[in-house]
Protein chains: 2
Amino acid sequence: MNTLIENLDYVVTDTGVLENRSIVIEGARITSIRPAGSGAGAGSSGVSDVSRTISGTGRAALAGLKNAHTHAAMTLLRGYGDDMRLQPWLENLIWPAEGKLTPEDVYWGTRLAAIEMIRSGTTFAHDMYFYPAEVVRAFRDSGMRAAVGLALFDFGDPENRRGQQKNVESFLREYGAAPPGAGDRVFLTMAPHSVYTCSPELLVWAAEVAEAQGLVYHTHMNETQQEVDQCLSAHGVRPFVHLDSIGVLERVGSRTVAAHTIWLDEAELDLVSGHGVTVVHNPASNMKLSSGCFPWKELHERGARMLLAPDGVASNNSLDMFDEMKLAALLQKHHYGDPTLLPAEETLAVATGARSTVFGSHGVGGALAEGGPADLVLVDVTAPRMTPSHNLVSNLVYAADSSVVDTVICDGELLMEHGSVAEEETVVAEASRCAAELVRRARSG
Amino acid sequence: MNTLIENLDYVVTDTGVLENRSIVIEGARITSIRPAGSGAGAGSSGVSDVSRTISGTGRAALAGLKNAHTHAAMTLLRGYGDDMRLQPWLENLIWPAEGKLTPEDVYWGTRLAAIEMIRSGTTFAHDMYFYPAEVVRAFRDSGMRAAVGLALFDFGDPENRRGQQKNVESFLREYGAAPPGAGDRVFLTMAPHSVYTCSPELLVWAAEVAEAQGLVYHTHMNETQQEVDQCLSAHGVRPFVHLDSIGVLERVGSRTVAAHTIWLDEAELDLVSGHGVTVVHNPASNMKLSSGCFPWKELHERGARMLLAPDGVASNNSLDMFDEMKLAALLQKHHYGDPTLLPAEETLAVATGARSTVFGSHGVGGALAEGGPADLVLVDVTAPRMTPSHNLVSNLVYAADSSVVDTVICDGELLMEHGSVAEEETVVAEASRCAAELVRRARSG
């Protein structure tokens, strides 16, 4: 199906903000971003077979936002425990509830997450959780682009490890590990949870499989000072040095997506940039759990590849990349005491995926561009909070929220049209039911 | 006019969250918050003369949020300058533009601000800006409750000071200084800008007038380290000690609303709490300008009266109290390295005005309560980002944004109904026109 978005006020592209443009989408690709009026109607557009025309009047188009680190199904635990220290929160609330999760819970929790993400302009999610078959099914049903990884952790137990390896092997056999075929927006990743929950053997095995099958390697790194201390005590080196010393960075450094990366020393900063690791800033989660601050300045100065994400809902408690953009830009200015840092344009570039191509071979794009995937968001620039339009990018980063997201297109398909998402009522009802039952089970022990 | 809001899923009151309730509004007051079904229809509600019935199904009611420090008309400068250091930002962009402001600009900028605030659940704004007659007119036309102060600063120049005093005297004569009569939602404040822009003579004169006429005393305090250093160098003492030494706190401490209050030493913390000063946390503005962090813990431990606010749009760039609630709670946890601080319930209490009664004699309420003013917000609890409902208050603080605000009532009047605000299109068009012309004038010098 071909789509013409006519007479957009603005298009935010890889080369800047263009005014008065139309966008032509052929199938799953953007084939033209051109001056409005140079083919206003379907008949005169020069595109054969325009089957859908969308008015862009009063709208700006930008690339769909990319959520680079999440645990989608944790929407079911939104507000279940807040304002607590990490260990009692995990041990008394989150883990007991996760221990009672069913495949059905994960399906509906992920569907709920996908709708929340679509409503806030996100077209791609990089997920790590349990029951990956249900996560795949939920993202496929949502229409979003998604990378799905089964969270792996063996806590050093060889039997546990062999069980996890078998699970992953059977999951990869079933779903196919290679980059997806045409039209498949969901693909798999290798997701060893962290250096403090995975043995070196599991980390290395996961790297070997990821290298052999061309998978992204998704993990948590250097999130807390305590994690670094534990690694120093267990392995005698800091977490990134540990990953390097067991050969993981050599094998899959450039396909590694490392969430949080707060407590990095100079040598680790150099390992990150030297191996082309993609680091993910999670400002809300880091602030809510008092984890510390992502060292944006040092990473940016080294040219590190970078993305942005809300983490899971339990430590946020939303999945809104507009929230994260504002938080990231404000937190970095606050942290360094310098209001010129992480300016709006750079923030938007990170959030749209323009500062890392790690998912590029799997079909995920960055900023909007001719020839790129048709993953885009139309924002209402006539909304009061987007007025006036002195600087569209500033308005997107500092003033927008999900209320201004009007229409979302992913892979050429319309996922939200004028504020309406398919099956929302059903998903909200089923997720609410699952959440209530999950908590009942968790509390009954 | 009497209003019945029937079958609300939740009502957030001064005594906690109640489920399945109806609210009766008679005129401008909430007269009953009672179990749903105990008078479902207008005929059986036991309220005479119910002229409007609103369905509360799928909705939670909470008190309207209170924006305790803003410069509303600065909406016209949204995105005009970002990611800059304070001095070049003020000197090269903001002040030249403000020098070209017309009364018409201030009217439409304030109207735009009011719509943005209403859309994000705010029913009261405490403003400080220029052309107060236009600000009063704009807030009256918007239907919001507002406190309006003419920003005063003499930079130590006696002639300048006499001019400002005459302006204020004539403004007070024209509008009446006493608390408003029945039905008037807009009232005046005394607004000396700060200790670094006002001479001691002006600060004292403003305090005398405020004391004599029962006005709130609105000022900026201890926002930057530089301001404290300047005060030490000019007056030999820190800003709050300076205010105290010239008798301002003795006269009007308990009616003082001090924005920012970041750089407070122990003696100043004690002055704040001892004199009943109301301090205002402005997290977005403080982070964006790298000013520092409001010492919530020390203030809370001393029982200081406290409110929350977005500041002006130029340093935020929105006026959204949902954004500010999340930011405040996250920033405090981050700042102190303790995720238990500024929990959701306390954050909501501060944002609804329940932690300071400084505006109480002017008709501004705190949390929802029987007998209190009918200033309330209906939020859609069936929205994906508000699902599930394990903890409504957590969802309001950490997950909500303006997209879930459905209906806003102020002083018993409906300001927004199912997402629709009167005159929005006209206000957006006029404010856009004024903003474009203002910037053109500012740039032409």
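Here are a few friendly notes on this predicted model, going from a pair of strands to a pair of helices and then to the contact between the chains.

1. Start with strand E13 of chain B, residues 305-308. Arg305(B) and Leu307(B) point one way from this strand, while Met306(B) and Leu308(B) point the other way. Each of these four residues is buried. As background, side chains in a regular strand alternate between the two faces of the sheet.

2. Now look at the partner of E13(B). Strand E12 of chain B, residues 278-281, runs parallel to E13(B), and four bridges join the two. To find your place, look for Val279(B), which stands opposite Met306(B) in E13(B).

3. Next come two helices of chain B: H4 (residues 158-175) and H5 (residues 200-213). Their axes come within 11 Å and cross at roughly 15°, which makes H4(B) roughly parallel to H5(B). The crossing is right-handed.

4. Which residues of H4(B) meet H5(B)? They are Arg161(B), Gln164(B), Gln165(B) and Leu172(B), and they meet Glu201(B), Leu202(B), Trp205(B) and Gln213(B) in H5(B). By class, this contact has three nonpolar, three polar and two charged residues.

5. Finally, turn to where the chains touch. The contact takes 52 residues from chain A and 52 residues from chain B. On the side of chain A, the elements giving two or more residues are helices H2 (103-119), H10 (283-288), H12 (321-336), H14 (392-399) and H15 (424-443). H15(A) provides the largest share, seven residues. The residues on this side of chain A divide into 22 nonpolar, 17 polar and 13 charged.

Technical notes. Residues numbered from 1 in each chain as written. Chains lettered and ligands numbered in written order. Predicted model: local features only at pLDDT ≥ 70, side-chain atom pairs only at ≥ 80, totals over all residues. Buried ≥ 20, exposed ≤ 12 C-beta atoms within 10 Å, placed from the backbone. Pairing = 2+ DSSP bridges. Contact = placed C-beta atoms within 7 Å. Nonpolar A, V, L, I, M, F, W, Y, C, P; charged D, E, K, R; others polar. Axes fitted to C-alpha atoms, helices over the stretch in contact; angles between N-to-C directions. Parallel < 35°, antiparallel > 145°, perpendicular 65-115°, else oblique. Left-handed = near helix turned anticlockwise from the far one by under 90°.
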